[in-house]
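Here are some notes for a colleague who has not seen this structure before. They are set out as numbered points, to be read beside the model.

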Amino acid sequence: MSESNLRPIDLKGHFSRSSQRRAPNVLKEYYRFLRVPDMRNLAGGLPFSANFPFESIELSVVRPESHLHKNSDGIKSASAEDFTTQMHIPRTAQGSNPVRRVDLDTALQYGSAQGYPPLYSWLRKLVNTVYHPNIPYEGQADVMINGGAADGLSKVFELLFNNWDEDLNDVQDREGLLVEEFVYGPPIAQIKPKGINVVPVKMDAEGILAHGDGSLSHVLQTWNSALGKRPHVVYVIPTGQNPTSGVLSLKRRIELYEVCSHFDLVLIEDDPYWNLYYPSTLSTATKYRGRPMSTDFPMDPDHNYCTGSLGGKSTGHQFLDQLVPSFLSIDRDGRVIRLDSFSKTIAPGCRLGWITAQPSVCEQLFRITDSTTQQPSGFVQAIVMQLLGDFETPSFTESTVNSNERPAGWGLNGWVNWLEGLRSTYERRMTAMATVLEENRHVSSEHGQTEMFSFNWPMGGMFLWVRVHISNHPLVSVDPRRLMLALWLHCTQHPYRILVVPGGEFAATKKIEDDHGYLFFRFCFAAVEESALVASSKSFVEACRSFWDIEDVEVIEKILQENADEGEAGFDREIIEEQ
């Protein structure tokens, strides 16, 4: 491949008109002079940091290997004190290097929209040398810190889409976003007010299809211009897809990328569950089903994708080498915009994440951020940075923890150990729930075994996507949508008390919801105490069995009417009243 082919392509033609008109903040152009020694700053409108009413922050944090000291029930085998240590963020830290200095003076001051310098530097190095060491375009990818994935996605949409109004604009000017046919709701809620076409693409057990009927290539090849412009952006959750839990194989990712390159699409890769990839699912599901779920994944759970599949550099960590590589690893054109988040790896309340993309894309996102939200909370960035610690620092050692020295944070090794521990925790939960459901999918009757529901064993993420075979219910004469609603309500009642999300809530369009979306339930195995997970899964099974025992239509009508009288679920009133 020639050097010219490795240069990222110019994506300016994909940028919205408002994004192309954005100019840098002129006042912040002066900030570069502050790097001159002894420069006295009389230019910036900065409050005096000594007046900040915070002297320090003391943190008690768990050690990154704490997940490795749990028994099969998810309970720590030692006291909490054995797995915690203290950290300290001072008002003023020693040293002048802005990428190594973590203190309240700098964290709480006005700063660059790019993010807190120590955290920005840490993440940029993490992305380019560890997470994605095989990005094919020349130079390195850049990062932009944001207030969580939802904030980052909002800015990406601002970058890529022009607003459209049917009362003001011609339909030929309407832009479109390609999404999986079942998709996480908030991105759709963000894009719809802009008047953007939401265009669904069919899925299989892995996720979005590259080829075949209803696939990405098929939708683009057969696009009807009467609906507007052919979509120029595709949004995917490639690992632990929400809600289906599918994982795109490397083979599928390459196929999808080729379609994107052929049709000049920008690919938004939203990947909060990247480290929650479960290679053990292949062998476990095969044990129950008698056949592999897919032949496109290596059966060896220790397969090294970086060296074995990509023929490139290792991440330097066996755990990360086993994860299916990001689209960034095959992004020769620079058309991938990746979203990562600390919500699933540290805590959602942090509201902290980052975007990875070619530098010209990050520059435009910088301008959007600089004129809107600015950088995220300085408190949160400083705390997360102190937790992560120096990039080169080894993980905690017994000598460090037991001494009077304050640890410098987890370090890179500690961070990777933490991610691996999280994967182990959620994989154990997934297996517990899936095993209960697998062993109780059928109900016995005088006619034999009847399948009540089915599912694909999750390859990643936090969810289990169940398809209810409501057509197998004895009351086949009842509208299946009404039966599904009655089952959902039945699950919430005593003694079952199980709350799941109806699949229609994730349908990309009303047509998909009405056609087959209503047949699904989404379970989350991450949200409840691990010790209660098996009992909760069994409660769902019992709710299904008792529901299958109902042979009187009046019982179904009573369930629906009681719900209508209480008015507790507005989403179902249309179904009840239209009958």
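**Notes on the model**

1. The model is predicted. Helix H14 (residues 411-438) packs with helix H17 (residues 530-548) at an angle of about 25 degrees, and their axes are 9 Å apart. Angles under 35 degrees count as roughly parallel, so H14 is roughly parallel to H17. The crossing of H14 and H17 is right-handed.

2. Which residues make the contact between H14 and H17? On the H14 side they are Thr425, Arg428, Arg429, Ala432, Met433, Val436 and Leu437. H17 contributes Glu530, Leu533, Val534, Ser537, Lys538, Phe540 and Val541. By class, the contact of H14 with H17 has 8 nonpolar, 2 polar and 4 charged residues.

3. Helix H4 (residues 149-160) and helix H11 (residues 359-370) pack at about 105 degrees, with 10 Å between their axes. Angles of 65 to 115 degrees count as roughly perpendicular, so H4 is roughly perpendicular to H11.

4. Where H4 and H11 meet, H4 supplies Lys155, Val156, Glu158 and Leu159. Their partners in H11 are Val361, Gln364, Leu365, Ile368 and Thr369. The residues of this contact of H4 with H11 divide into 5 nonpolar, 2 polar and 2 charged.

5. Is glutamate 206 buried or exposed? Glutamate 206 has a relative accessibility of 8%, and buried means under 20%, so glutamate 206 counts as buried. Its place in the chain is the loop between strand E5 (197-201) and helix H6 (216-221).

6. The surroundings of glutamate 206 can be listed too. Leaving aside residues up to four places away in sequence, glutamate 206 touches Gly246, Val247, Leu248, Ser249, Arg252, Ser294, Asp296 and Phe297.

7. As for the chain as a whole, there are 19 helices and 15 strands. The radius of gyration is 26 Å, close to the 25 Å that the globule rule gives for 579 residues, so the chain is as compact as a globular protein of that length. The C-alpha trace spans about 85 × 65 × 50 Å along its principal axes.

8. Of the 579 residues in the chain, 53% are buried. Among contacts in the chain with a separation of 6 or more, 71% are between residues 24 or more positions apart.

Definitions and conventions
Residues are numbered from 1 along each chain as its sequence is written. This is a predicted model: local features need pLDDT of at least 70, side-chain atom pairs count only at pLDDT 80 or more; totals for chains, interfaces and linings use all residues. Side-chain values use heavy atoms; hydrogens and water are left out. Axes are lines fitted to C-alpha atoms, for helices over the stretch in contact, and angles run from 0 to 180 degrees between N-to-C directions. Helices (H or I, at least four residues) and strands (E, at least two) are DSSP runs, numbered from the N terminus. Angles under 35 degrees count as roughly parallel, over 145 as roughly antiparallel, 65 to 115 as roughly perpendicular and the rest as oblique. A crossing is left-handed if the near helix is turned anticlockwise from the far one by less than a right angle, and right-handed if clockwise. Contact means heavy atoms within 4.5 Å. Ala, Val, Leu, Ile, Met, Phe, Trp, Tyr, Cys and Pro count as nonpolar, Asp, Glu, Lys and Arg as charged, and the others, Gly among them, as polar. The radius of gyration is taken over C-alpha atoms; the globule rule is 2.2 Å times the number of residues to the power 0.38. Buried means under 20% relative accessible area, exposed over 50%, partly exposed in between (1.4 Å probe, protein chains only).
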